[in-house]
Amino acid sequence: MNESSQHAFFSLEQNTKYIQKALFDTHDLKIKHHPYKDTQGALIYLESLVDPALIERNILAPMSFAEGKSLSELFTTLRMERSNDLEKGIQGLMQGSCLYVLDGDDEFYALTTPAKYERSITEPENEAIVRGPHNGFIENLTVNLHLVRQHIGTPDLTVRYHTVGNTVPRKVAMLYVQNLCDNELVQKVERRLSEISLDTVMSTGFIQELMEDNPFSIFPQHVNTERPDHTSAYLVDGHIALILEGDPTALIVPACFFTFYQTPDDYNNRWMIASFIRFIRLISFITAFQLPAIYIATVSFHSNVLPIQLFFTVQGSLTRVPYPPIVEAMILELIFELLREAGLRLPSRVGQTIGIVGGLVIGDAIVKAGLVSYTMTIVVALTAISSFLIPSNEMSSSLRILRFPLMIAAALFGYIGIAFGLTLLFVHLCKLESFGKPYFYPIAPLKFQGLKDTFSRFPVWNIRKKAQGNDN
Amino acid sequence: MAQTEKKISARQLFLFIIQAQIGVGVLSIPYKLNETARGGAGITVLITGAITQLIILMFWLLLRKFPGLNLFQICLRLGGRVFGKLLIAGYIGYFVLLGANIMLSAVGVLQRWMMNATPTWILLGLFSIMTYYLAKEKLTVMARFYTLSSALFIPLIIFVSYGLTQARLEYMFPLMEAGIWNILKATKDTTISMYGFEVILVIFPFIDASDKKKLMIISMSNLFVTLFYVFVVCTCLMVFSSEQLRLIPEPVLYLVKSLNFYIVDRADVLFLPIWSITLVCSITSYAYAASVGLAQLFERKSHGVFTPYVNAVIFFITLLPATPLATRRLDVSAEYAAYLFIFILPFAMVFGSKLFKKKVERSA
């Protein structure tokens, strides 16, 4: 960061020259000569960062009716500062201030007239819910903090600003609720934030990767959300949220595996319905990455597990396919990933075309062509649907990748291969920790109190305050 | 970050011991007991459980005398530098041998029942990788995983108890057919299925409970395992007649195989992978104990450095026996090693500590 200072000159020309030079004669720097009484003066601003209406109303209009008042009385902007440090002035310019410099005066006025071109507060598209507040974060930190403060109206909600990035510094706000959040956790997060030494931090993804406990894990170790109500719920639960200036995502730490399976909707539904949905999600978790592997293992090695009628059906469908099941599965899975990725980047109108081409044309033709079997198509389709059931996009991607090694293990060693893969996976989950909190809580370490709000959702009066796990 | 070894909770201990104890033996004890104890097999298992309980009590007496120390440190304390280290080396060898024995039997069963074409070394390799990955972790992580995999007992118990639908009570009677002496003698065949509880020698100081509570929890695990075995043995004895059992070396699997679950045929193929995870836990306990011993021997803090070597040694030991006879020899040597390292040596240590009244410091 630029820490130097430069005392302002007495001559107007020298001052403007200095600023022009400091900003490398950038073309959006405007210097508007505007005398005050009989003294030469200039209004300096970056046109890309200021709001012309504000300048018009709060600076130029009052000055034209000066009538002997001093400048400090005239300007009606929200904040006005007198300063003699040009470097500070330049910093101000970068934040949308405009400077009024008078000839023969080594102090200038810094007037805040920032332009606010921002998106209106809308519901985040990828986190839409049925019931509950429909607002979402936007790209402005102040607005985002405002949204959170609206939810948590207590003085306990604390905001700490940090700056990350060496050449292009950006502001990060760290939010937590004072008495509910573990002090040790706050210190840990602060330490890791201060240890970030990158030239630029482009997005929250950077912070995420630099802060997580285990960068070599496939599982996401931060929850990210664009919903203020979701964020507030976590904050009240004792978590910490990090919001980067200019990014509509809040990062929430510590994360644990099952938070990726919960949505705010769960608490708006009746508890039995919510529990049922959670149960469906649990099944989807299992099918999303195990179903293809189980199918491959079954048809390649353990077809004796199938009841005899089912065996004939599967076998009948398989005999027309020249490839072993693993090749078949890989072809279909890759086609599916292809379609998914293609659909993601396309506008929604073209996206439908992809759906038709992918679903109907390829899905049907590939079977008729004898490249894959009907049963495999069903399996892959079910897997795909299951992976969309997972509320968190990140967790869903992790699981999608996980199924490939599991499929290979199944193709090599059958059920034992799956048992092998799952053992490694669950050992990994057991040892993973997010900011010192076990990731697989409340399953490992097992806590029955926590289970009430994991696989099912017990009534709110029964869950009450979540138990703080001291168990290992 | 500060690497403080956290302690495991009482509940985790309960499942830890169960996971360590239930091993490969349960599949074949009904067969073995049918040869010797006949209808009294259930009684034999109960007696074995009682004997195990006595040994546990002996371990407890030893361990509580040295608060905060595990077996290896006690060895050093009692035997001095040279003899103590010799003892530690012996125990490491014992743990490795037992781990290898379980692994070999497990792979043998898997090959017989579902993986006939897979080369032995591949299966051994898979087991070695799994155990290595788990055993190198901290005790708390292992305890978490053991707790998690305990959920797998539920399908296993359901599978076996489904067999009760075909049970015929009269097959089991008369209970005393073989005579009391044979029933007692048969305990020799079942003790090997009980092993695993000796890991408490190593993990005892890392449990977050009072000494009394620890004893109670360990006894509860032993009780659970004993009752589970009794249940399995009695189910098998009731489903198969004595003549049938004589022909079936692994009656539990045969029982599961014969059941019709409508959704799946051949439930044994599902049973085996689930059960092999339980076995991984058993082997891991031994591999962990051996690694901790090595860490003590070379005076290092972390056991994780030694786990790869332990697993490599287990892997190579299991590769050695090429014939069923050699496998049998390994089995027998494990049995005798167990007599020495579980019965004789700890007894000597208890006796020794009493005799010399070394450092009698009682803890709360």
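In chain A of this predicted model, five strands form an open sheet in the order S6-S7-S9-S10-S8 with antiparallel pairing. Strands are DSSP runs of E of at least two residues and helices are runs of H or I of at least four, both numbered from the N terminus; two strands pair if DSSP finds at least two bridges between them. Strand S6 (157-164) and strand S8 (223-225) of chain A are the edge strands, each pairing on one side only. From one strand to the next, the twist averages 25 degrees. Strand S6(A) runs antiparallel to strand S7 (residues 170-177) of chain A, joined to it by 8 bridges, and A:Val164 stands opposite A:Arg170 in S7(A). Helix H5 (residues 141-151) of chain A packs on this sheet, touching S6, S7 and strand S9 (240-244), and its direction makes about 160 degrees with that of S6(A). Contact means heavy atoms within 4.5 Å, and axes are lines fitted to C-alpha atoms, for helices over the stretch in contact, with angles from 0 to 180 degrees between N-to-C directions.

Another open sheet of 5 strands in chain A has the order S1-S2-S4-S5-S3, again with antiparallel pairing. Strand S1 (29-33) and strand S3 (80-83) of chain A each have a single partner strand, so one side of each is left without a neighbour in the sheet. The twist here averages 20 degrees from one strand to the next. Strand S3(A) pairs with strand S5 (residues 108-112) of chain A over 4 bridges in the antiparallel sense, and A:Met80 stands opposite A:Leu111 in S5(A).

The axes of helix H11 (residues 325-345) and helix H14 (residues 393-431) of chain A come within 11 Å and cross at roughly 170 degrees. H11(A) and H14(A) are therefore roughly antiparallel to each other (angles under 35 degrees count as roughly parallel, over 145 as roughly antiparallel, 65 to 115 as roughly perpendicular and the rest as oblique). Residues making the contact include A:Phe336 and A:Arg340 of H11(A) and A:Arg403 and A:Phe404 of H14(A).

The UniProt record, an unreviewed entry, places the feature "transmembrane region" at residues 279-301, 371-390 and 402-427 of chain A. Residues 402-427 of chain A are 100% helix and 0% strand, with end C-alpha atoms 15 Å apart.

Residues are numbered from 1 along each chain as its sequence is written, and chains are lettered from A and ligands numbered from 1 in the order in which they are written. Local features need pLDDT of at least 70 and side-chain atom pairs count only at pLDDT 80 or more, while totals for chains, interfaces and linings use all residues; side-chain values use heavy atoms, without hydrogens and water.

Conventions. UniProt positions are given in the numbering used here, feature names are shortened, and annotations may be inferred rather than shown by experiment.
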